[in-house]
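These are my notebook entries on one protein chain. I set down what I looked up and what I found.

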Amino acid sequence: MVALSVCLLLTFSALAHGAGFEVVELGGRGLGNAYAGKAAVAEDATTVFFNPAGMTRIPGLQAAFPLDAILPDGKFHNSGSKGVTGAPLTGGDGGDPGQFVLIPSFYVTTPVAEGIHLGLGVNTPYGLRTKYDNGWQGRYHALKSDLKTYNINPCVAYKVDEMISVGFGVNYQRARATLTNAIDFGAIAFGTLGPATAGALGLAPQKNDGEARVTGSDWSWGWNLGVLLELSETTRFGIAYRSKVAHTIRGVGRFTVPAAAAPLTASGAFKNTSATADITLPDQIYVSAYHELDDQWAILADVTWTNWSRFRELRVKFRNPAQPDAFTTENWDDALRYSIGATYKLDAHWTFRVGAA
């Protein structure tokens with residue numbers, strides 16, 4: 001079976017909602033049910049990601065090729081932000097930072113022996129791309145943020161008996177990030193050299209902006225496992241766990257310094273240098289149920305816990321000892337995602353799905 005889905009998400013996918021920068025949209029059929037029952041339904045090869053134990057229900061060689069289009073939408077409203085001098089921050093509201101992206105993924109499963117199935121998934125479980133207008137009020141926090149992950153997930157499943165199946169997989173994951181923000185060199189001069197010296201150099205807060213850009217990437221490992229419990233031909237439960245993946249992004253920090261602020265580089269700061277940033281992508285637990293009411297109707301439910309409290313801060317460390325760390329306090333809370341759905345099979349060719357999360 002080939003699954004093709006296009007999802008236009010009109011909710012802000014930056015750092016504002018409960019999903020953080022998780023990409024939930026990783027399968028065509030599941031999308032129609034808002035991913036209710038994702039660890040129990042085991043209808044196609046996407047079960048590799050959501051619960052590898054479900055591969056024991058997939059007959060023969062099957063593959064799925066979902067393609068998701070994500071279009072986030074966001075708005076910023078300033079409520080009195082001020083700069084170092086106490087003056088209001090200048091600039092606009094940043095426009096709509098949401099960036100359109102296409103996210104392809106691939107899954108394949110096949111039986112290899114009695115009760116043993118192998119599978120492979122390649123997808124993007126986490127990602128974020130936002131871009132604000134130059135000169136906006138929040139430019140000293142962010143201009144462009146771009147985080148991509150590429151996850152390679154081979155799995156194996158074993159059918160213990162008619163009721164229980166288990167599955168296990170490893171994840172080899174690449175993370176690539178680009179983070180940019182403006183630097184208020186006028187404010188730095190105001191605070192370090194004093195107002196008189198800063199004024200003599202022609203430096204004033206919010207009048208002499210430069211830019212910092214950090215790019216880097218990393219490969220790291222994780223794992224996932226799952227259990228599928230089939231109480232009958234019409235009722236099954238699934239529970240699955242995906243481990244955290246700890247990345248140390250290694251790359252380069254580059255600085256753009258306005259001419260008037262050149263004296264501020266005398267200490268050795270604001271020079272291009274290597275940089276690192278630690279990002280731990282959270283572990284998750286899926287608990288799902290699937291039940292067929294009759295030959296046409298089925299109901300699905302799911303609860304997903306995501307350990308976002310691991311994300312305490314985003315800190316970039318520079319190898320240049322004269323360049324202090326750049327960090328943003330995050331202090332995120334864990335998230336619970338609830339979803340319910342229903343499926344109606346009209347005939348052998350048409351299935352209708354509905355869900356809410």
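**Entry 1: helix α3.** Helices (H or I, at least four residues) and strands (E, at least two) are DSSP runs, numbered from the N terminus.

At the N-terminal end of α3, I found Asp184 as a cap, with a side-chain oxygen 3.2 Å from the backbone nitrogen of Gly186. Just after α3, Gly194 has a positive phi of about 95 degrees.

**Entry 2: source and numbering.** I note that this is a predicted model, in which local features need pLDDT of at least 70 and side-chain atom pairs count only at pLDDT 80 or more, while totals for chains, interfaces and linings use all residues. Residues are numbered from 1 along each chain as its sequence is written, and side-chain values use heavy atoms, with hydrogens and water left out.

**Entry 3: the whole chain.** I recorded 4 helices and 18 strands in the protein chain. Its C-alpha atoms fill a box of roughly 80 × 35 × 30 Å along the principal axes. Of the 357 residues, 46% are buried. I also looked up contacts (heavy atoms within 4.5 Å). Among those between residues at least 6 apart in sequence, 72% join residues at least 24 apart.

**Entry 4: nonpolar cores.** A nonpolar core is a set of buried Ala, Val, Leu, Ile, Met, Phe, Trp, Tyr and Cys residues joined through side-chain atoms within 4.5 Å. Which members of the largest core touch the most other members? They are Phe21 and Trp308, in a core of 30 residues. At least two residues each come from β8 (164–184), α3 (185–192), β9 (209–230), β11 (245–256), β12 (273–281) and β15 (313–318). The largest share, 4 residues, comes from β12. Apart from this core I found another, of 19 residues, among them Val23, Tyr35, Ile103 and Cys155.

**Entry 5: Asn123.** I located Asn123 in strand β5 (residues 116–123). Is Asn123 buried or exposed? Asn123 is buried, with a relative accessible area of 3%. Its side chain makes a polar contact with the side chain of Tyr107 at 3.2 Å. Such a contact is a pair of N or O atoms within 3.5 Å; within protein, one must be able to donate a hydrogen and the other to accept it, and residues adjacent in sequence count only if both atoms are side-chain atoms. Leaving out residues up to four places away in sequence, Asn123 touches Leu26, Phe49, Ser105, Tyr107, Thr149, Tyr150 and Asn151.

**Entry 6: Ala53.** I found Ala53 in the loop between α2 (47–50) and β1 (62–64). Ala53 is buried, with a relative accessible area of 0%. Beyond four places away in sequence, the residues Ala53 touches include Ala157, Ser165, Val166 and Leu228. I also noted that the C-alpha atoms of Ala53 and Phe190, 137 residues apart along the chain, are separated by 61 Å.

**Entry 7: positive phi.** Most residues other than glycine have a negative phi. I noted Tyr35, which is not a glycine and has a positive phi of about 60 degrees. Tyr35 lies in the loop between α1 (28–32) and α2 and is buried at 2% relative accessible area. For Gln206, phi is near 65 degrees. Gln206 is in the loop between α4 and β9 and is buried at 15%.

Definitions and conventions:
Buried means under 20% relative accessible area, exposed over 50%, partly exposed in between (1.4 Å probe, protein chains only).
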